[in-house]
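Subject: Model handover

Hello,

Here is the model we talked about. Please have it open while you read the notes below.

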Amino acid sequence: MDTETDSRMADPTTVRPPLPTSGRSAKDLARGLNRIDWRRYVIYIAFVAVFVLFAVLLRDDGFLSQSNLLNIFRQTATITVIAVGMTYVIACAEIDLSVGSVAGLASVCSAMAIAHYGLVAGILAGLAVGVVVGTINGGLVSRLGIPSFLVTLGMLGIAAGVAQWITKSAPQPILNDTFNLAFGGGDFGPVPGLLIWTAVFVIAGAVVLNRTRFGRQIVATGGSRTAADFTGINTRRIKFQVLLISATVASVAGMLYAGRLQSGRFQWGAGDELSAIAAVILGGTSLFGGRGTVVGTLFGALLIGLINNGLILAGLESSQQQVVRGVIIILAVALARKK
């Protein structure tokens, strides 16, 4: 060992003492926490916070009872199913305002077809509504370049008008027990049928969006259509397909309404487009496209259902519920976007 090294080791001012292990761990932990993008997890934090809040405040009102919790899942099932399709549309930087009316039209078409031609015809009629509407929406947006906001806003009125017209505003009862059982009206053992439908759509939607080439093309198209075109993605086809999927999924949601309530009515699904969009945005999907998460959408829909259920149990009036619901949703979205 040379003289310079000996002197440096002997001089305590030139040797940096090692940090205490606990201090270094605390700094590493703080540095790690700072690197986490908490905005991605706001929906899950908000869901847990609202659930705990209602569990404490409404414990004596039956909030935590099994029947009430299952009721929350039943009430949010159709919104969740619609929102899965809406996630694709918004991730692609488009919008679909016609989903609620499509659900209502599919419910009455299914009910009328079942009454005249039987179960299979009823299911096919309901699906046909979604395919036809989705084809028109997708064709007008992808081929003619009309903004999806205008196309689907017009389709919202057309579908609602047709449903009201062909039924003369009268409910269409469904007496087929198999249809009512399969489409959400019954339970499979201890599990509600609507819960199974929700799980199927969420799992399938998440796998396709996250694990397939089609899902990556949707996100790429929404992120930058020009860049996606240069990489060889047929963005017109992608836009057509997401609008077709959204309408078809909405028609299934309409049949779930019909099966659960044993009738088809043009009112079913009215206003669901706003709830579905709120669930998608709350869940973390970018309103401007380029990012989407189906699991986040599920928790967004559950959060809305949780808030609705808690406010009803708390005995708030309808007007008060709207105010509180709006404040919570705006707050959650603001936190999710704040850096």
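Predicted model: local features only at pLDDT ≥ 70, side-chain atom pairs only at ≥ 80, totals over all residues.

Residues are numbered from 1 along each chain as its sequence is written, and side-chain values use heavy atoms, with hydrogens and water left out.

Helix pair first. Helices α4 (residues 66-91) and α13 (residues 272-282) pack at about 65°, axes 8 Å apart. Helices are DSSP runs of H or I, at least four residues, numbered from the N terminus. Axes are lines fitted to C-alpha atoms over the stretch in contact, and angles run from 0 to 180 degrees between N-to-C directions. The α4 side of the contact (heavy atoms within 4.5 Å) includes Ile 79, Ile 82, Ala 83 and Met 86. From α13, the residues include Ala 276, Ile 277, Val 280 and Ile 281. By class, this contact has 10 nonpolar (Ala, Val, Leu, Ile, Met, Phe, Trp, Tyr, Cys and Pro), 2 polar (the others, Gly among them) and 2 charged residues (Asp, Glu, Lys and Arg).

Now helix α7 (residues 148-167), where Ser 148 lies. Ser 148 touches Glu 94, Ile 95, Val 141 and Leu 153, not counting residues up to four places away in sequence.

Thr 152 is also in α7. Thr 152 is buried, with a relative accessible area of 0%.

Best regards

Conventions
Helix = DSSP H or I, 4+ residues; strand = E, 2+ residues; numbered from the N terminus. Buried < 20%, exposed > 50% of the residue type's maximum accessible area, 1.4 Å probe, protein only.
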